[in-house]
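Subject: Structure handover

Hello,

Here is the structure I said I would pass on. Please look it over before reading my notes.

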Amino acid sequence: LPISLSEGRACIFEVRVPGVAEPLIFDAVVSWVQDGSDGGDVGMGVEYRMDERQRYQIERLLKQAPPG
């Protein structure tokens with residue numbers, strides 16, 4: 001079942017990357033929610049709240065990741 005959080009709801013993301021021992025953990029907030037009641041798709045947007053260190057870690061991992 002899909003889980004929908006309300007707009008403005010704070011959440012924590014934990015991202016595990018193969019080959020990296022520690023997960024990346026950062027805060028986020030739900031920026032929009034679409035519940036499908038209008039016949040459209042169901043989904044939500046999330047705004048990540050990262051500091052410079054976390055941004056650097058993600059950029060470095062993305063540069064190292066194989067294409068695809």
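Below is what was found in the structure, starting with the overall layout and ending with the chain as a whole.

Please keep in mind throughout that this is a predicted model.

Layout
The chain has 3 strands and 1 helix. Going along the sequence, these elements come in the pattern β-β-β-α.

The sheet
The 3 strands make an open sheet in the order β1-β2-β3, and the pairing is antiparallel. At the edges are β1, residues 10-15, and β3, residues 42-49, each of which pairs on one side only. From one strand to the next, the twist averages 45 degrees.

The β2-β3 pair
Strand β2 covers residues 24-35 and is joined to β3 by 8 bridges, with the two strands running antiparallel. D27 stands opposite R49 in β3, and V33 stands opposite M44 in β3. The two strands form a hairpin, with 6 residues between β2 and β3. In that turn, G36 has a positive phi of about 80 degrees.

The helix
Helix α1 is made up of residues 52-64 and packs on the sheet. The strands that α1 touches are β2 and β3. The direction of α1 makes about 85 degrees with that of β2.

The chain as a whole
How does the radius of gyration of the chain stand against that of a compact globule of 68 residues? The chain has 15 Å, whereas such a globule would have a value near 11 Å. Along the principal axes, the C-alpha atoms fill a box of roughly 40 × 25 × 20 Å.

As for burial, 16% of the 68 residues count as buried. Among contacts in the chain with a separation of 6 or more, 27% come from residues 24 or more positions apart.

Regards

Definitions and conventions:
Residues are numbered from 1 along each chain as its sequence is written. This is a predicted model: local features need pLDDT of at least 70, side-chain atom pairs count only at pLDDT 80 or more; totals for chains, interfaces and linings use all residues. Side-chain values use heavy atoms; hydrogens and water are left out. Two strands pair if DSSP finds at least two bridges between them. Helices (H or I, at least four residues) and strands (E, at least two) are DSSP runs, numbered from the N terminus. Axes are lines fitted to C-alpha atoms, for helices over the stretch in contact, and angles run from 0 to 180 degrees between N-to-C directions. Contact means heavy atoms within 4.5 Å. The radius of gyration is taken over C-alpha atoms; the globule rule is 2.2 Å times the number of residues to the power 0.38. Buried means under 20% relative accessible area, exposed over 50%, partly exposed in between (1.4 Å probe, protein chains only).
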